[in-house]
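Please consult the sequence and the structure alongside the text.

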Amino acid sequence: MAPTNAQTIHVDGHDVKVTHPDKELFPDDGITKSDVVDHYRAVSAAMLPHLAGRPLTMRRYPDGIDSGGFFQKHASDYFPDWLRTAEMPMRSEEGTVDHAIAEDEAALVYLANQNTVEFHVWLSTVEKPDHPDRLVIDIDPPDGVTVATLRAVARHARDLYADVGLTPFTQATGGRGFHVVAPLDRSADFDLVRDLADRLADRLAAKEPDLLTTEQRKNKRGDRIFLDVNRNAYGQTFVAPYSLRARPGAGVATPLDWSELGRATPNGSTVASIRRRLARKTDPWAGIDDHAGAAGEARERLDALEDAPRNPR
């Protein structure tokens, strides 16, 4: 179908032009750029608090998800002046990257018009970039793992987080697995948080070595579930709540209540179902920052757990 004329959306005091609204970004599902824009408008109230102050990495698909896309960290020179950006130092090399930050609906509409299908966010904010306020374990399965097994692993991670004094939250990624996330009070830097995440994942894997692994090399994992903690580092990202995923079916990353996990699948939310969900249910992560924990204290509790078998009372 030939694209129709551009549409102009007036939002947050800005006129944002949506070009080629009928371009199919998800060809197998018939989902157009206009549908993607509509999705981000529909979820904006729930999504924006999880984007506020966080440098973005955009996953853009100018020719649709079947034609290859790219990750973009830097804000393009032609982005409008009203779209907030932040100049963030790089760690692996000299220089900085000027990241886009989406803090209102207009920004979501504008970036969706740039064929941004997925939004990925830092685990820290621009105000304190070296001190994360999220810890994330990504439960990443190989083919053939049942959803019931993934749910059980997420619950085991939940219980371990609680044992070390962190409040666990979970998200269906919209892809293959689940995230188990803990909010942090930003009292620790990334080195400490990464060490904590590594040790939590190692403890989980040690209890079920035939099922779980923290092995970085794919050819060494076999058919085990990878507990990925690599995103717990400066400048790394995880998929933002309510982001679309660039996969057939157009799944949506969806925060869950733990009571919902038994019915949830990693890619069970769609552009249609997420609207119905948000119409009847408050975002389960709406108060996530009210439960921020101290990574240093969690590590001390983990030390005690690890010492307990060797020093029984």
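**A buried glutamate and its setting**

Glu118 is buried, at 1% relative accessibility; here buried means under 20% relative accessible area, exposed means over 50%, and partly exposed lies in between (1.4 Å probe, protein chains only). The model is a predicted one, in which local features need pLDDT of at least 70 and side-chain atom pairs count only at pLDDT 80 or more, while totals for chains, interfaces and linings use all residues. Residues are numbered from 1 along each chain as its sequence is written, and side-chain values use heavy atoms, with hydrogens and water left out.

**Salt bridges**

- A salt bridge is a side-chain nitrogen of Lys or Arg within 4 Å of a carboxyl oxygen of Asp or Glu, and by this rule the count comes to 20 salt bridges.
- Glu118 forms a salt bridge with Arg59, with 3.5 Å between the closest N and O atoms.
- This pair links distant parts of the chain, since Arg59 belongs to strand β5 (residues 56–60) and Glu118 to strand β9, 59 residues apart; helices (H or I, at least four residues) and strands (E, at least two) are DSSP runs, numbered from the N terminus.
- Arg59 is partly exposed, with a relative accessible area of 24%.
- A salt bridge also joins the side chains of Asp289 and Arg134 (2.8 Å, N to O).
- Asp289 sits in the loop between α5 and α6, and Arg134 in strand β10 (residues 134–140), so that the pair links distant parts of the chain, 155 residues apart.
- Asp289 is partly exposed at a relative accessible area of 45%, whereas Arg134 is buried at 4%.
- Asp143 and Arg176 meet through their side chains in a salt bridge (3.1 Å, N to O).
- Because Asp143 lies in the loop between β10 and α3 and Arg176 in the loop between β11 (169–172) and β12 (178–183), the pair ties together parts that are 33 residues apart in sequence.
- Asp143 is exposed, with a relative accessible area of 67%, and Arg176 is partly exposed, with 32%.

**Two domains and their interface**

- The domain assignment, which is automatic or from a database, gives domain 1 (9–126 + 235–285) and domain 2 (134–234 + 292–307).
- Taken over C-alpha atoms, the centres of domain 1 and domain 2 are separated by 24 Å.
- In domain 1, 33 residues are in contact with 29 residues of domain 2, where contact means heavy atoms within 4.5 Å.
- About 2,700 Å² is buried between domain 1 and domain 2, with carbon and sulfur atoms giving 60% of this area; buried area is the accessible area (1.4 Å probe) that two parts lose on being put together, summed over both.
- Within domain 1, Leu123, Trp258 and Pro266 lose the most area to domain 2, together 29% of what that side buries.
- Between domain 1 and domain 2 there are 0 salt bridges.
- The two domains have 17 residue pairs in polar contact between them (both at pLDDT 80 or more); a polar contact is a pair of N or O atoms within 3.5 Å, and within protein one must be able to donate a hydrogen and the other to accept it, while residues adjacent in sequence count only if both atoms are side-chain atoms.
- β7 (85–89), β15 (237–239) and β16 (254–256) each supply at least two residues of the side of domain 1 that touches domain 2.

- His50 lies in helix α1 (residues 33–51) and is buried, with a relative accessible area of 7%.
- The side chains of His50 and Asp283 make a polar contact (2.7 Å).
- Not counting residues up to four places away in sequence, His50 touches Val121, Pro241, Tyr242, Asp283 and Trp285.
- Tyr242, in the loop between β15 and β16, is buried at 0% relative accessibility.
- Phi of Tyr242 is near 75°, a positive value in a residue other than glycine.

**Lys281**

- Lys281 is found in the loop between α5 (271–280) and α6 (295–307).
- A polar contact of 2.4 Å joins the side chain of Lys281 to that of Asp257.
- Leaving aside neighbours within four places in sequence, Lys281 is in contact with Asp257 and Glu260.
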